[in-house]
Amino acid sequence: MKLVVRHSTFYRYGAGSTRAAMLLKLKPRTLATQTVSEWSLSVNGERIERFYTNGYGDQEALWMSHAWLEEAEIVATGVVDTVDAAGVMGDMGERFDPRIYLRDTDLTLADEAIVALARSVEGNGELATLHALSAAVREAVDYRSGSTGTDTTAAQALAQGRGVCQDHAHVFIAGARVLGIPARYVTGYLLAEADELALHETHGWAEARVPGLGWVGFDPSNGVSVTDSYVRIAGGMDAHDAAPVRGSVTAAGLIAIDADVRIDHAEAAQVQQLQEQQQQQTRPERE
């Protein structure tokens with residue numbers, strides 16, 4: 001499937017900023033399940049040309065400014081060809097031993113409830129067990145937009161019984177680690193099959209390491225393994241570690257953030273672009 005992505009993030013600094021530094025994980029890499037044919041990333045119109053491969057194997061870039069800033073606009077756009085491999089990502093060229101993904105973080109620390117949930121699932125082998133865990137997480141944590149925040153832990157989400165994709169992924173990761181299975185958080189984009197279900201933000205899911213298969217993607221929020229409707233950006237120990245944008249700013253006053261993600265089939269995107277151009281051409285000039 002050929003997908004077109006446009007992801008914009010806009011920061012407005014109420015009292016201005018004299019220094020900004022941003023770590024950007026906004027460039028997907030080519031994998032067995034996705035081929036990046038076109039991609040560009042810019043900040044305030046300045047194209048980012050230099051990227052580094054981090055220890056997880058993902059692409060990242062550092063953008064800094066010491067000039068006076070009132071706003072910063074980050075735009076990532078490109079075309080990715082995806083393949084449905086039933087969630088099997090295989091080996092992905094990371095530098096770290098997969099066992100590092102057995103470590104707990106503040107967001108994924110398992111409490112007694114998560115331990116009990118993980119040990120309650122059954123399956124014939126690790127893959128079946130992980131599918132059962134994904135289903136159990138979705139059953140235990142109802143999807144409720146706005147019910148949690150970026151700092152909500154897996155234990156808190158499970159305790160209140162509601163959350164969003166980040167929470168589902170964190171509870172799944174915590175449970176997999178309880179079972180001795182390396183698991184990590186993934187940030188990316190998801191193409192919805194219906195316009196009313198479209199996400200205009202990044203999506204979060206999980207990957208677990210399965211012997212004989214390598215990394216396998218699980219999306220507990222949607223009860224599926226990842227398909228060709230998913231574009232993977234970056235992975236990490238938890239959502240904070242895999243965040244598309246992290247940084248520090250020297251600024252006073254309020255900082256407003258607005259983000260928007262658009263993803264579509266390449267053919268549909270081309271048709272829409274043509275229609276917009278035609279509308280502009282036929283629009284009467286103002287006197």
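This is a predicted model: local features need pLDDT of at least 70, side-chain atom pairs count only at pLDDT 80 or more; totals for chains, interfaces and linings use all residues.
**Entry 1: α2 against α4**

I started with helix α2, residues 126–140, and helix α4, residues 165–178. I looked up their packing angle and got about 135 degrees, with the axes 10 Å apart. Angles from 65 to 115 degrees would count as roughly perpendicular and those over 145 as roughly antiparallel, so α2 and α4 come out as oblique to each other. I also checked the handedness: α2 passes α4 in a right-handed crossing.

Which residues meet here? On the α2 side I listed L130, L133, S134, V137 and R138. On the α4 side I found H168, V171, F172, G175 and A176. I sorted the residues of this contact by class and wrote down 6 nonpolar, 3 polar and 1 charged.

**Entry 2: α1 against α4**

Next I turned to helix α1, residues 112–120. How far apart are the axes of α1 and α4? I noted 9 Å, and a packing angle of about 70 degrees. That angle makes α1 roughly perpendicular to α4. The crossing of α1 past α4 is right-handed.

For the contact itself, α1 brings I114, V115, L117, A118 and R119. From α4 I wrote down V171, A174, G175 and V178. The class count for α1 with α4 is 7 nonpolar, 1 polar and 1 charged.

**Entry 3: looking back at α4**

I went back over my α4 lists. V171 and G175 meet α2, and V171 and G175 also touch α1. F172 is on my list for α2, while A174 is on my list for α1.

Notes. Residues are numbered from 1 along each chain as its sequence is written. Side-chain values use heavy atoms; hydrogens and water are left out. Axes are lines fitted to C-alpha atoms, for helices over the stretch in contact, and angles run from 0 to 180 degrees between N-to-C directions. Helices (H or I, at least four residues) and strands (E, at least two) are DSSP runs, numbered from the N terminus. Angles under 35 degrees count as roughly parallel, over 145 as roughly antiparallel, 65 to 115 as roughly perpendicular and the rest as oblique. A crossing is left-handed if the near helix is turned anticlockwise from the far one by less than a right angle, and right-handed if clockwise. Contact means heavy atoms within 4.5 Å. Ala, Val, Leu, Ile, Met, Phe, Trp, Tyr, Cys and Pro count as nonpolar, Asp, Glu, Lys and Arg as charged, and the others, Gly among them, as polar.
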